[in-house]
Amino acid sequence: MRLLLVEDDRVVRVTLRDALASAGFEVTEAADGVAARDAIERDLFDLVLTDVRLPGVSGLELFRAVRRRQPSAGVVLMTAWANTDDAVTVMREGARDYITKPFEMDELLLRLSRVRQDLEARRQLEAGQAASAGGLKHRLRGSADVTRQLIARVDAAAASDVNVLLLGETGSGKDLCARTIHERSRRAGRPFVAVNCAAIPEALLEAELFGHEKGAFTGADKRRPGKFEAADGGTLFLDEVGDLPLLQQAKVLRAIDTRTVEPLGSNRSVKADVRVIAATNADLDVAVREKRFRSDLFYRLNVMELRIPPLRERREDIPEMAAEFLANISVRQQRLAPTIDASAMALLTAHDYPGNVRELIHALEHAVALVQEGDVILPEHLPRQFAAAGASTGTEDATLASVVGEFERQYIRQVLNKVGGHKTQAAAVLGISRKALWQKLRDKGD
């Protein structure tokens, strides 16, 4: 965790810094309240450990500034007066703990450890609630090699605070990856603001991104913050960034460089400390060469590049994804989830998905609308384009039985790989007996 240590006594500060660093905290020091206030304006922190009596800005004022600026950060105060009104007040206002000087280092580290555990538990709960509320959007998972590689890259991106460029076909899951990076990052307690650059008319784009003052143009009857300002401290997701007009590209570049924006009709700068995640299905290298996209903005956005593989390159994920999507669709519609017949699953797995994950979701919604509650999804319940999916198995005249057999063989192999070849565990996962599994392996020559 990133910890801001605020203590005006240099000897005490250095001693605390060394002990906290040894305990695994990433420590930033401030010698007074003014420096600490500047620090929370520049950077994000998970924990703030501050003395109450400070020159310039008191620990109480700093605590309230942290609550306003970084409400997800935990604050622990150090005071030389036990049971003071100050300590009681800040605990009522949301401070995590306070400790009376002088104290033993072990006692402080124990208290900070408890606060740290509490913060982590709260963030996990909030992430779970966000995933539940977001329905289909907030789960990045899968067993295909390309999916595991993507998840590792997403985790690496989340651990840093650099700008990220997501590349992939429409519907492949760029929005999901952006949200996952945000939710696993240290900015998770701050806003995630998404902008579809292709969906906003060019005449309105500047006001949408940077905001406007009252009277800035006809119809501007009140001040309105833009997306950059709304995402302050958090993540701004610029979807379809390749569609940004050149004029707005220059202004986005300036906002990224200066971490400020100037609303329309204003001569003042507004702070906008955002981490930018951009996404596109266009070839930005070509756009840069053709001077349709600024090279300097491209390099600012492309600090870390992630390619999202299309669904046809990760077919092994489809059974798991389909089961999860069906559960979500059924919860949303307040009905029992249907199961998927093996022949229908074979068609789902063999399809090429030009519409990627969105097409899979729409296919399942189509099927759910046609089956009775809790019933079985059959091939005839799928959209008509899935009837031709058998051709993608490699033969034009593939029978349904051969498609089902090929899917079953691949799925059994996938489950066996997951459980390290343990046949009893695999049979339990597949919902069949060990004898039945042995028979299927023998019949299929595995």
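**Aromatic rings and beyond**

Analyst: Happy to! This is a predicted model. Let's start with phenylalanine 298, which is buried because its relative accessible area is 7%, under the 20% cut-off.

User: And what about tyrosine 299, buried or exposed?

Analyst: Tyrosine 299 counts as exposed, with 56% relative accessibility.

User: How many aromatic pairs are there?

Analyst: The count comes to 4 aromatic pairs. In one of them, the ring centres of phenylalanine 210 and phenylalanine 228 are 5.6 Å apart and the planes are at 20°, so this pair is stacked. Phenylalanine 210 belongs to helix H8 and phenylalanine 228 to helix H9, so the pair ties together parts 18 residues apart in sequence.

User: Why is the pair of phenylalanine 298 and tyrosine 299 edge-to-face?

Analyst: The planes of those two rings are at 65°, which is over the 60 degrees needed, so the pair is edge-to-face. Their centres are 5.4 Å apart.

User: Okay, new topic. Which charged end sits over the ring of phenylalanine 25?

Analyst: That of arginine 116, at 4.8 Å from the ring centre. Likewise, arginine 2 lies over the face of phenylalanine 45, 5.2 Å from the centre of that ring.

User: Let's talk about sheets. What is the strand order in the open sheet of 5 strands?

Analyst: The order is S2-S1-S3-S4-S5, and the pairing is parallel. Strands S2 (26–30) and S5 (97–100) are the edges, each pairing on one side only. From one strand to the next, the twist averages 20°.

User: How many bridges join S1 and S3?

Analyst: Strand S1 (residues 2–6) pairs with strand S3 (residues 47–51) over 4 bridges, in the parallel sense. Leucine 3, for instance, has leucine 47 in S3 as its bridge partner. Helix H1 (residues 10–22) packs on this sheet and touches S1, S2, S3 and S4. The direction of H1 makes about 165° with that of S2.

User: Last one: where does glycine 242 lie?

Analyst: You'll find glycine 242 in the loop between strand S8 (235–239) and helix H10 (246–258). Its relative accessibility is 26%, so glycine 242 counts as partly exposed. Beyond its neighbours within four places in sequence, glycine 242 is in contact with Thr280, Leu284 and Phe293.

Technical notes
Residues are numbered from 1 along each chain as its sequence is written. This is a predicted model: local features need pLDDT of at least 70, side-chain atom pairs count only at pLDDT 80 or more; totals for chains, interfaces and linings use all residues. Side-chain values use heavy atoms; hydrogens and water are left out. Helices (H or I, at least four residues) and strands (E, at least two) are DSSP runs, numbered from the N terminus. Buried means under 20% relative accessible area, exposed over 50%, partly exposed in between (1.4 Å probe, protein chains only). Contact means heavy atoms within 4.5 Å. Two strands pair if DSSP finds at least two bridges between them. Axes are lines fitted to C-alpha atoms, for helices over the stretch in contact, and angles run from 0 to 180 degrees between N-to-C directions. Rings of Phe, Tyr and Trp (its six-membered ring) pair if their centres lie within 6.5 Å; planes under 30 degrees apart count as stacked, over 60 as edge-to-face and the rest as tilted. A charge sits over a ring if NZ of Lys or CZ of Arg is within 6 Å of the ring centre and within 35 degrees of the ring normal.
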